[in-house]
Amino acid sequence: MTKDLLGLKGLAADQITEILDAAVEMKKIISQGAKKMPHLLGKSVVTLFYENSTRTRVSFENAAKFMSANCSSISVATSSVQKGETLIDTGQNLDALLTDVIIIRHPVAGAPQLLAKNVHAAVINAGDGANEHPTQALLDMYTMRERFGRIDGLKVAICGDIKFSRVARSNIWGLTRLGASVTVCAPKTLLPLGIEKMGVRVESDPERAVDGADVVMGLRIQTERQKGGMFPSIAEYAEFFGVDSAVMQKAAPHALVMHPGPVNRGIEMTSAVIDAPNSVILDQVTNGVAVRMAVLFLLTRK
């Protein structure tokens with residue numbers, strides 16, 4: 001591992017595999033009910049979130065605490081940021097407080113990279129703008145590999161708001177790097193220009209997109225996008241681009257249903273799909289703790 005985890009775009013296949021392999025060991029430990037181990041004893045971890053979060057923040061905090069790290073959470077709304085403190089100043093102050101790892105979520109793409117260049121602490125990107133969300137993609141890939149034993153050769157369909165999704169970008173970089181075939185499906189207004197250059201197939205029809213897929217991943221439709229005229233209405237999006245039971249019939253019989261959450265039921269996916277036996281949405285949440293434990297361990301074993 002390098003000093004930081006800022007995205008999957010720049011990681012080699014063996015680096016991604018190293019994280020996934022380490023997560024396997026972490027999953028074994030927590031599956032045995034162990035919630036206190038010494039892997040990060042004496043280390044200091046800070047979560048610095050400039051955007052709201054439930055799953056990612058709690059997952060990182062649990063991962064750090066399970067490994068005996070000293071974990072602090074900074075709420076930007078009540079921090080010195082409100083007094084005009086810059087991101088670099090905040091980071092350098094955390095450095096001065098002997099912080100070992102800073103986990104940052106920020107609405108501006110590139111903010112984690114800027115922070116990493118100006119601090120000694122390891123920096124983990126927990127989501128920056130519409131750029132990347134590397135640990136979400138890692139836990140998604142871990143979940144796939146846990147069920148299928150491999151990533152190479154899998155057919156993965158990603159349906160939803162691709163254009164504004166940092167989850168989609170990280171998954172595309174990671175999955176294609178490990179040999180999966182990725183298809184994306186969304187209205188043209190929710191597809192970034194030139195996405196084909198990332199090595200994916202583009203479809204505008206959900207049934208064609210999921211045809212024979214091993215994994216069908218939904219992405220949250222950010223309802224605020226509708227106000228910007230990205231699509232005529234929520235109801236129309238659900239009718240023409242939502243994943244329902246009829247769409248899932250086109251996928252492989254063993255296909256997994258995935259979603260990074262939070263899910264808008266009845267919009268990007270119906271409840272029948274979300275709650276189906278082949279849904280691993282809650283497994284993704286559990287696996288997120290193991291993956292983030294692995295990342296924290298690998299970044300701090302110096």
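Q: Which helix does R166 lie in?
A: R166 lies in helix α6, residues 166-177. Keep in mind that this is a predicted model.

Q: Is R166 buried or exposed?
A: R166 counts as buried, because its relative accessibility is 14% and the cut-off for buried is under 20%.

Q: What does R166 touch, leaving out residues up to four places away in sequence?
A: R166 touches E51, R105, H106, G127, D128, G129, A130, N131, E132 and H133.

Q: Switching to the core. How many residues are in the largest nonpolar one, and which have the most contacts inside it?
A: The largest nonpolar core has 89 residues. L138 and L296 have the most contacts inside it.

Q: And which helix gives the largest share of this core?
A: Helix α12, residues 281-300. It supplies 10 residues of this core.

Q: What is L296 in contact with, leaving aside its neighbours within four places in sequence?
A: L40, V45, F60, A63, A64, M67, V101, I103 and I124.

Q: Which residues does the second, separate core include?
A: That core has 15 residues, including V46, V76, L87 and V123.

Q: Back to α12. How many of its residues are buried?
A: 15 of the 20 residues of α12 are buried, so the helix is largely enclosed by the rest of the structure.

Q: What does α12 reach from its first C-alpha to its last?
A: α12 reaches 29 Å, close to the 28 Å expected at 1.5 Å a residue.

Q: Where does α12 bend?
A: At N287, by about 25°.

Q: How about α2, what should its 12 residues span?
A: At 1.5 Å a residue, α2 (residues 55-66) should span 16 Å. Its end C-alpha atoms are 16 Å apart, which agrees.

Q: Which α2 residues are buried?
A: T56, R57, S59, F60, E61, A63, A64 and F66. Among them, F60, A63 and A64 are also in contact with L296.

Q: What comes just after α2?
A: S68, which takes a positive phi of about 70°. S68 is not a glycine. Its place is in the loop between α2 and β2. At 13% relative accessibility, S68 counts as buried.

Q: Which residue just after α3 has a positive phi?
A: L98, with a phi of about 65°. L98 is not a glycine either. Its place is in the loop between α3 and β3.

Q: Is L98 buried or exposed?
A: L98 counts as exposed, at 67% relative accessibility.

Q: While we're on α3, which of its residues are buried?
A: In α3, residues 87-96, the buried ones are L87, T90, G91, L94 and D95. Seen down the axis of α3, they fall within an arc of 145°, so they line one face of the helix.

Q: What do they pack against?
A: The buried residues of α3 pack against β1 (44-49), β2 (70-75), β3 (101-106) and α4 (111-117).

Q: Now strands. How many residues of β5 are buried?
A: 4 of its 5 residues. β5, residues 155-159, is mostly covered.

Q: How many bridges join β5 to β6?
A: 5 bridges, and the two strands run parallel. β6 covers residues 181-185. C185 in β6 is the bridge partner of C159.

Q: Is A157 buried or exposed?
A: A157 is found in β5. It counts as buried, at 0% relative accessibility.

Q: Which residues does A157 touch, not counting those up to four places away in sequence?
A: A157 touches T183, A209, V210, A213, V215, V216 and M217.

Q: What about E236, where is its place?
A: In helix α9, residues 234-241. At 35% relative accessibility, E236 counts as partly exposed.

Q: Last one. Where is the cis peptide bond?
A: From G261 to P262, with omega near -10°. P262 is found in the loop between β9 (256-258) and α11 (271-274). Most peptide bonds are trans.

Key: Residues are numbered from 1 along each chain as its sequence is written. This is a predicted model: local features need pLDDT of at least 70, side-chain atom pairs count only at pLDDT 80 or more; totals for chains, interfaces and linings use all residues. Side-chain values use heavy atoms; hydrogens and water are left out. A nonpolar core is a set of buried Ala, Val, Leu, Ile, Met, Phe, Trp, Tyr and Cys residues joined through side-chain atoms within 4.5 Å. Buried means under 20% relative accessible area, exposed over 50%, partly exposed in between (1.4 Å probe, protein chains only). Contact means heavy atoms within 4.5 Å. The expected span of a helix is 1.5 Å times one less than its number of residues. The bend at a residue is the angle between axes fitted to the seven residues ending there and the seven starting there. The arc is that of the directions from the helix axis to the C-beta atoms. Two strands pair if DSSP finds at least two bridges between them.
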